[in-house]
Amino acid sequence: MNLKQLEYALAVADTGSFTRAAERCHVVQSALSHQVARLEAQLGVSLFERSSRRVRLTPAGEAFVLSARPAVAAARRVAEDVAAACGQVRGRLSIGEISSLTALDLVDLLAVFHRRYPDVDVRWLTAKSELLMADVCERRLDVGFIGLWQGETLQGVQHRLLAREELVAVLPPFHRLAGSAQLTLAELVDEVLVDFPEGTGARRQTDEAFQAAGLRHRVQFEIGHIRLVEKFVQRGMAVGLVPERIARGFQDVAMVPLADAPVRHLYAVWSPSPTPAARAFLDVLEEKLLAAGG
């Protein structure tokens, strides 16, 4: 077996699709499928259960992923570590952020990083905090920018607190409560809300805040991106609860502080043993935060 075969099989495991795996690896699907089939023949097992609808790992495939992922990560780091020892930073940097990241401008940060380290290829994705955490822990992601709520803890990763922020209510400008100086969760309990799907980290803060106050609330619209809150509120369909910095960027909505607002902490998280590219990126991040007084 070779490194490419391991990378292709891991891509299939991560995406659950040969088509999406081929897109991720920038190779035609037939070539990727052929290499995965050769790998299975060499191992003498089937790594995937294939059907017209989905691709799932077999028990042998699950064991393969556990062994192959650190092996691929170690192989990739050989050249990077040798280059770093000679004063060169290259390779790949994978970063991920939540859609409601407000604590820093990642494009600005990457501009500084790219000027210093032009040989590093950057992969950037947006996902929910819990997915980013899992990707960092499993070494699929170098650095994640996530949001946690009061009382939640970080385990298995290094971290840097970026900001602490409260949620505010965003309402249609013509809403009866839009002119209020401050609101409480009790005053919103009968309103139709727009929020992230139940069970996600982004949703837990509102659910737990209402529960802590002994209140039942109704989320009629579940969405997958913070900017959709703005559209639902603009059209008078619902009321939203979002970080204040996000709300200040919304157009044609009313923003009202909450007396009992949930508090969110924004963090950068990374592996205890970062790659040379990740270490260099974290150095740039720290410089930026210190320059801003963080």
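1. Strands β3 and β5 pair in the parallel sense over three bridges, and I95 stands opposite V143 in β5. Here two strands are said to pair if DSSP finds at least two bridges between them, while helices (H or I, at least four residues) and strands (E, at least two) are DSSP runs numbered from the N terminus. The model is a predicted one, in which local features need pLDDT of at least 70 and side-chain atom pairs count only at pLDDT 80 or more, although totals for chains, interfaces and linings use all residues. Residues are numbered from 1 along each chain as its sequence is written, and side-chain values use heavy atoms, with hydrogens and water left out.

2. On its other pairing, β5 is joined by seven bridges to strand β11 (residues 263-270), and these two strands run antiparallel; V143 stands opposite W270 in β11. Seven of the seven residues of β5 are buried, so this strand is largely enclosed by the rest of the structure, where buried means under 20% relative accessible area, exposed over 50% and partly exposed in between (1.4 Å probe, protein chains only). In a regular strand the side chains alternate between the two faces of the sheet. In β5, V143, F145, G147 and W149 point one way, G144, I146 and L148 point the other way, and all are buried.

3. For the protein as a whole, there are 11 helices and 11 strands, and the C-alpha atoms fill a box of roughly 65 × 50 × 30 Å, taken along the principal axes. Of the 294 residues, 46% count as buried. Among the contacts (heavy atoms within 4.5 Å) with a separation of 6 or more, 72% are accounted for by residues 24 or more positions apart.

4. Leaving aside residues up to four places away in sequence, E97 touches L106, W124, L125, T126, A127, L132 and F145.

5. The largest pocket has a volume of about 750 Å³. Of the 26 residues that line this pocket, V72, R76, R92, S94 and R140 are the closest to its centre. On a 1 Å grid over the protein atoms alone, a pocket is an open set of points where a 1.4 Å probe fits, with protein on both sides within 12 Å along at least five of seven lines, and lining residues have an atom within 4 Å of a point. Grid points are joined across faces, edges and corners, and a volume is the space filled by probe spheres set on the points. At least two lining residues come from each of α1 (3-15), α2 (18-25), α4 (59-85), β3 (91-97) and β4 (120-126).

6. By class, the lining of the largest pocket has seven nonpolar, four polar and 15 charged residues, whereas the lining of the second largest pocket has 12 nonpolar, nine polar and three charged residues. In this sorting, Ala, Val, Leu, Ile, Met, Phe, Trp, Tyr, Cys and Pro count as nonpolar, Asp, Glu, Lys and Arg as charged, and the others, Gly among them, as polar.

7. The second largest pocket has a volume of about 290 Å³ and is lined by 24 residues, of which I98, S99, S100, F196 and A202 lie nearest its centre. Two or more lining residues are given by each of β5 (143-149), β7 (192-195), α8 (201-212) and β9 (239-243). Which element gives the most to this lining? It is β9, with four residues.

8. Strand β9 is mostly covered, since five of its five residues are buried. Strand β6 (residues 158-171) pairs with β9 in the antiparallel sense over four bridges, and V168 stands opposite V242 in β9. Two bridges join β7 to β9, which run parallel, with L193 standing opposite V239 in β9.

9. In the loop between β8 (218-222) and α9 (227-234) lies I223, which is buried, with a relative accessible area of 6%. The C-alpha atoms of I223 and D195, 28 residues apart along the chain, are separated by 6.1 Å. Not counting residues up to four places away in sequence, I223 touches V194, D195, F196, P197, L228, V229 and F232.

10. The last point concerns helix α11 (residues 276-291), whose 16 residues should span 22 Å at 1.5 Å a residue, and the end C-alpha atoms are 23 Å apart, which agrees; the expected span is 1.5 Å times one less than the number of residues. The buried residues of α11 are P276, A277, A278, A280, F281, L282, V284, L285 and L289. After α11 comes G293, whose phi is positive, near 85°.
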